[in-house]
Structure formats: structure tokens, C-alpha cells
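Please look over the sequence and the model, then read the points below.

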Amino acid sequence: MSLFDELEQIRTAALQALDEAATREELEAWEKRTLGRKGAVTLQTRSIGKLPPEERPAFGQRINVIKQELEAIYTTRAQAMRHAELTRELAGGAVDVTLPGRPVTPGHLHLTTQTLRQLYDIFARMGFEVYESPDVELETYNFDLLNIPAYHPARDMWDTFWVDDQRLLRTHTSPGQIRAMRERAPEPLRVILPGKCYRYEQITARSEHQFYQIEGLAVGRNITMTDLIGTLRQFTSLFYGAERQTRVRSSYFPFTEPSIEVDIDCILCGGKGCPVCKYTGWLEICGAGMVHPVVLENGGYDPAAWSGFAFGLGVERPAMMKYHVKDIRYFYGNDLRFLRQF
Ligand code: DAH
């Protein structure tokens with residue numbers, strides 16, 4: 001029998017065996033036996049060498065045609081079998097393809113981040129850019145250059161987390177004022193300095209040992225207290241609502257002169273007096289003032305030609321007022337029952 005006849009016989013036998021394969025296992029065994037690396041059809045390529053050269057191309061082509069034919073039938077049968085199996089499983093109730101997938105629970109921004117972004121947005125509208133400064137700060141930036149003398153209560157060792165004898169965790173965002181001024185002088189500047197501050201303090205419902213502040217600083221040729229008050233009024237009306245009243249009281253900070261504190265009428269009682277405002281009708285929202293000449297000079301500006309205002313806002317406290325959160329510790333507790341409300 002010629003090699004060509006032998007090849008045709010292998011084809012006929014393979015077609016018949018394929019027809020007889022009744023299960024997936026049998027079908028797979030057939031595939032291995034016939035078309036696998038050592039399968040009957042595959043092995044036929046070895047016989048090519050035994051043929052006279054002029055017959056070899058025709059033989060090789062015939063093998064390829066047979067391979068393709070068998071593969072096509074095999075694939076169709078395998079798919080049909082898989083389909084039948086799935087249909088059986090479905091009918092038996094094993095899988096319900098109509099069941100919805102497992103829900104992915106989307107997270108959302110923390111209330112602190114949401115508040116920070118609201119504040120960025122409000123001050124961006126008034127031309128303030130965000131300027132970041134380090135959490136681990138030099139003592140000189142945190143205190144000396146801000147005109148805070150060694151006897152100031154904020155320098156009390158119990159208020160400050162020291163890293164070594166020159167470095168500390170900033171107790172407020174004010175040191176960023178010096179950094180921003182030194183980078184920009186002698187150009188006018190308008191920045192907000194957001195960030196975490198740290199104080200070695202007792203944790204209570206009203207104070208944490210870590211909290212956020214946003215500092216504001218504007219330096220220019222003709223900046224006055226009116227600009228400061230106008231900026232803060234705009235802020236209170238955009239953040240707390242246009243109906244809020246503001247009032248300004250004189251105050252003291254080493255790095256501003258004159259210094260003020262700004263209050264809004266109590267959000268809860270509208271100024272009538274309640275436990276939240278301690279029956280004063282007012283809530284303090286920030287400290288502020290005109291940048292002290294010494295501080296301007298430390299920042300690289302000539303106080304005879306330049307003036308500026310600064311303010312320091314909390315972030316958690318305003319959020320507590322706006323959203324009626326009673327305890328600052330919730331901000332750091334990671335309790336989903338709290339976080340999911342915002
Ligand atoms: N640094 C002050 C504090 O943490 C807050 C402050 C008050 C900042 C007045 C200012 C300011 O820029 O002008 O208590």
C-alpha cells in the first residue's frame with residue numbers, strides 16, 4: 001500500500017473514531033491520539049522523507065488539509081458538547097446566570113478631605129494658591145521667625161512634639177508663611193497653607209493632638225485690614241451660608257499687629273444663646289491680623305513698602321460646626337458609621 005493510501009486510511013479511521021466519541025473525555029483522548037504532538041496524523045509528516053522528492057509537496061499538503069478538516073470537526077463537536085453540558089446544569093438549577101454580581105462598595109472622600117477641598121475652592125476663587133510646607137519643621141520657622149519669643153506659651157515644652165533639639169512637628173501652619181515669603185519675595189503673593197498640625201495635648205471632644213489648619217497669607221503693596229475682613233466675610237458666606245453674621249474682636253498673636261479674632265453667629269441657635277455657643281450667641285472661627293513688620297522682614301519684604309494679612313483657620317472645627325459633629329475624635333476614629341454619613 002502506498003503512503004498516500006495509508007494516509008487516507010488514517011483519515012477514515014480518525015473520522016470514524018471522532019464520530020464515536022461520546023463524552024468530553026473521549027473527545028479529548030481522540031484529539032491527543034490523532035492531532036497531538038505524537039498523534040497519528042501528526043506522525044505522518046515523518047514519512048515525507050521516504051517519498052521521492054517530486055511527490056513530497058503533494059503529500060505534505062494532503063496532511064495539512066486532513067489536519068484542518070479534523071480540527072474543524074473536533075472544535076465544533078467539543079463546543080456542542082460543552083453547550084449541552086451547560087444546558088443540563090442550568091436545567092438542573094446548578095447555576096443561575098441571572099444572579100446579579102457581587103456589589104462593589106465604592107468608598108468616598110473623608111469628611112476632612114471634603115472640607116479641605118471646599119476651602120481650597122473658596123479661596124481659589126479669591127486668587128489664593130495652595131502652598132504646601134513640611135510637617136516636620138525647624139524650631140526657628142515654627143517659632144523664632146514668627147516673632148514668638150521663648151516665653152510664649154506655645155513654646156511650652158509640653159505643647160510641642162520635639163523630633164530633636166532643633167526640629168519638631170509643627171504646632172501650626174504659620175511657619176509656612178516664612179517659607180512662602182522667602183520663596184516669592186519680592187513679588188506679591190496670595191497663598192493658603194493647608195496641613196496637619198500637632199500638639200502634645202490632652203485629647204478631648206474638642207481637641208485632638210493632631211488636626212488640620214489652613215493658613216492664609218497675602219502680601220502686597222497696599223493691603224489693609226479691610227482686605228482681610230472682606231476676604232474672611234466672603235469665606236464665611238461661601239462656607240457657612242450668606243445669612244451668617246460675622247463679628248471682629250481685637251486679639252493678640254505674636255506674628256500679627258494688629259491681631260483680630262473673627263466669630264460667626266451661632267449656627268445652632270442663630271445668636272439667641274445655647275450650650276454650643278456657651279450662651280454668647282457667637283462661635284469663634286479664626287485668628288487673623290496684619291502681618292507683623294518683623295515677620296515681613298524675616299520673609300524678605302521691606303515692611304516700609306509692603307504690607308500683608310494672615311489668618312489661621314481650623315478644618316475639623318468648621319466641619320464640626322457646619323455638619324453638627326459633636327466630637328472631634330470621630331475624625332480620627334475610622335468608624336464607618338460616622339464616615340458614611342458624609
Ligand atoms: N497660628 C495660630 C494658631 O495656631 C493661628 C493664627 C492666628 C494664624 C492668627 C494666623 C493668624 O495666621 O494671623 O493658634
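In helix H4, the buried residues are Phe59, Gly60, Ile63, Ile66, Leu70, Tyr74, Met81 and Glu85. The model is predicted.

Helix H4

- Helix H4 covers residues 56–91, which makes 36 residues.
- At 1.5 Å a residue, H4 should span 52 Å, and its end C-alpha atoms are 53 Å apart, so the two values agree.
- An α-helix has 3.6 residues a turn, so residues three or four places apart point the same way.
- The cover over the buried residues of H4 includes helix H1 (3–20), helix H2 (24–35) and helix H3 (40–43).
- After H4 comes Gly93, which has a positive phi, near 80°.

Surroundings of the ligand

- The ligand is surrounded by 15 residues, and the closest are His172, Ser174, Arg199, Gln213 and Glu215.
- Sorted by class, this shell holds five nonpolar, eight polar and two charged residues.
- At least two residues of the shell come from each of strand S5 (210–220), strand S8 (282–291) and strand S9 (307–314).

Polar contacts and burial of the ligand

- In the side chain of Ser174, an N or O atom is 2.9 Å from a nitrogen atom of the ligand.
- Gln177 has a polar side-chain atom 3.2 Å from an oxygen atom of the ligand.
- For Glu215, a polar side-chain atom lies 2.6 Å from an oxygen atom of the ligand.
- The ligand taken alone exposes 360 Å², and the protein buries 88% of that.

Terms used
Residues numbered from 1 in each chain as written. Predicted model: local features only at pLDDT ≥ 70, side-chain atom pairs only at ≥ 80, totals over all residues. Heavy atoms only, no water. Helix = DSSP H or I, 4+ residues; strand = E, 2+ residues; numbered from the N terminus. Expected span 1.5 Å × (residues − 1). Buried < 20%, exposed > 50% of the residue type's maximum accessible area, 1.4 Å probe, protein only. Contact = heavy atoms within 4.5 Å. Near = heavy atom within 4 Å. Polar contact = N/O pair within 3.5 Å; in protein donor to acceptor, adjacent residues only side chain to side chain. Areas by Shrake-Rupley, 256 points an atom, 1.4 Å probe, with all protein chains shown as cover. Nonpolar A, V, L, I, M, F, W, Y, C, P; charged D, E, K, R; others polar.
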